[in-house]
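Visitor: I would like to learn how to read a model like this one. Could we take a few features in turn?

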Amino acid sequence: MEAYKPKIYTVSQLNRYVKSVLEEDPAINPVFIVGEISNFKRYEASGHLYMSIKDSQSSVRAVMFRGDAQRLKFTPESGMSVILCGRVSVYERDGAYQVYISDMQPDGAGALAVAFEQLKNKLSAEGLFDDSRKPALPKFPSRVGVITSGEGAALRDILNVLSRRYPVAQVILCPVQVQGEGSSAQIAAAIRLFNEKKAADVLIVGRGGGSVEDLWAFNEEITARAVAASVIPVISGVGHETDFTICDFVASLRAPTPSAAAELAVPDAAELKNDILMKTAYLNRLIINEVGRMRKRLEVCAGSRVMKNPSVLLDDRRRYLDESRSASESALEKRLTAGRAQLSALAGRADALSPLKVLSRGYAVPASDGRVLVRTEDFKPGTRFSLRVSDGTVQAVAESSERNV
Amino acid sequence: MDFDYEASMKKIEEITAKLESGELSLEESLKLFEEAAGLIKSCSAFLDAAEQRVKKLAEE
């Protein structure tokens, strides 16, 4: 029998030994642990996650390598309660034992619910839900782009609604996988393609109902960012009334279902037609009234006395002419009468002044050679002259004359 | 369209008012009356045509 001889280990040997003991213990490999994350740190270069998992008394260091971390639906953070699955091993360099996490779930709320809230908060903080940055929906789209599964009932519903409501619009379908690995990338690529080609005026992105996992492609960041970046307005119609997705929040409009999205994408042609008919009838009434109004205005002038019976223009003047004529005649008559009266008055006065009357009072008018003799010097002695008296002429000869002094 | 309905209508109203005022010379009156009669005919024809066009549009 060999005497007990303690084995001497190097530190590396010890660490390696402890590591192998731990790794081979089926009680802790694999292991499920519940605890709270603290000192969480993500190394951007490697993509590995480092943290401690703790409860009220103890703490253990933990690491999650990139390959596993990438599969997480949510983003771990300090203070978060989690249930994790991993294995226990030793980091040989430091001799520190730690948990190598392969998967992790938020404790309480489901991982998807947490991921949903996290992405929602993140995108909201970036302003991607602000209505001001969302492109406005066209009233009358001529091309409707549809991004959904090529097979589902959703597509059939969408096409039914579009052809019933607004058959004039062209429908451009881009069939994509709407659930499962890679579906979000396909949806995002389809949205980008429509934008690159400017192939539609409005996009319907959606799918029919399903479980949260089925609808997950519409909650992924890649989908949300493609919708947010779309210049073409997007209507999101995912699942049923009660299903809300991140896609709904970044889209220009959320529709409760795919068929509702189609209803919202296009106007109802029948309604439009009716509206046009009503407007046309109204316009007709308006113009007929206007013509009637103008006709009345015209009739006021056309029916006026002057325009209806223009002879009044002459009648007035004829009457005026007649009136003028009789006025002038009576005026002339008056003038003549006045003239006559004046004449007889003058005749009376002329009679009173007649020289014959003077002669009858005893005056005589001497004249010689047709000249009336009025001065003494006209009567030189021997001058022959005639003397006009009241009833005739007397021949006389001057004897002498004497001038009054 | 060359025909200016509104301007023609204004002219007709002006002329009618002038004719009714009786302040014009006979020569002027006759000249304006002829002008107004011509304009009334044009306006009336215009309204008839307008009504016809509206009817036709409404039927389409």
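Visitor: How many bridges join strand E11 of chain A to strand E13 of chain A?

Guide: First, the ground rules. This is a predicted model, in which local features need pLDDT of at least 70, side-chain atom pairs count only at pLDDT 80 or more, and totals for chains, interfaces and linings use all residues. Residues are numbered from 1 along each chain as its sequence is written, while chains are lettered from A and ligands numbered from 1 in the order in which they are written. Strands (E, at least two residues) and helices (H or I, at least four) are DSSP runs, numbered from the N terminus. Two strands pair if DSSP finds at least two bridges between them. Here, 3 bridges join E11(A), residues 365-368, to E13(A), residues 384-389, and the two run antiparallel. Within this pair, Pro366(A) stands opposite Leu387(A).

Visitor: Which strand is joined to E13(A) by a hairpin?

Guide: That is E14(A), reached through 2 residues.

Visitor: How many residues does each chain bring to the contact between A and B?

Guide: Two residues are in contact if their C-beta atoms, placed from the backbone, lie within 7 Å. Chain A brings 17 residues and chain B brings 20 residues. On the chain A side, helices H9 (269-302), H10 (305-308) and H11 (312-352) each supply at least two residues. H9(A) gives the most, with 10 residues.

Visitor: Is Glu13(B) buried, exposed or partly exposed, and why?

Guide: A residue is buried if 20 or more other C-beta atoms lie within 10 Å of its own, exposed if 12 or fewer, and partly exposed in between. Glu13(B) counts as partly exposed because it has 16 C-beta neighbours inside 10 Å. Glu13(B) lies in helix H1 of chain B, residues 5-21. Chain B has 2 helices and 0 strands, and 15% of its 60 residues count as buried.

Visitor: Which residues have the most contacts inside the largest nonpolar core?

Guide: A nonpolar core is a set of buried Ala, Val, Leu, Ile, Met, Phe, Trp, Tyr and Cys residues joined through C-beta atoms within 7 Å. The largest has 48 residues, and those with the most contacts inside it include Ile147(A), Ile191(A) and Val227(A). Leaving aside neighbours within four places in sequence, Ile191(A) is in contact with residues including Ile147(A), Leu203(A) and Ser230(A). A second, separate core has 13 residues, among them Val88(A) and Met104(A).
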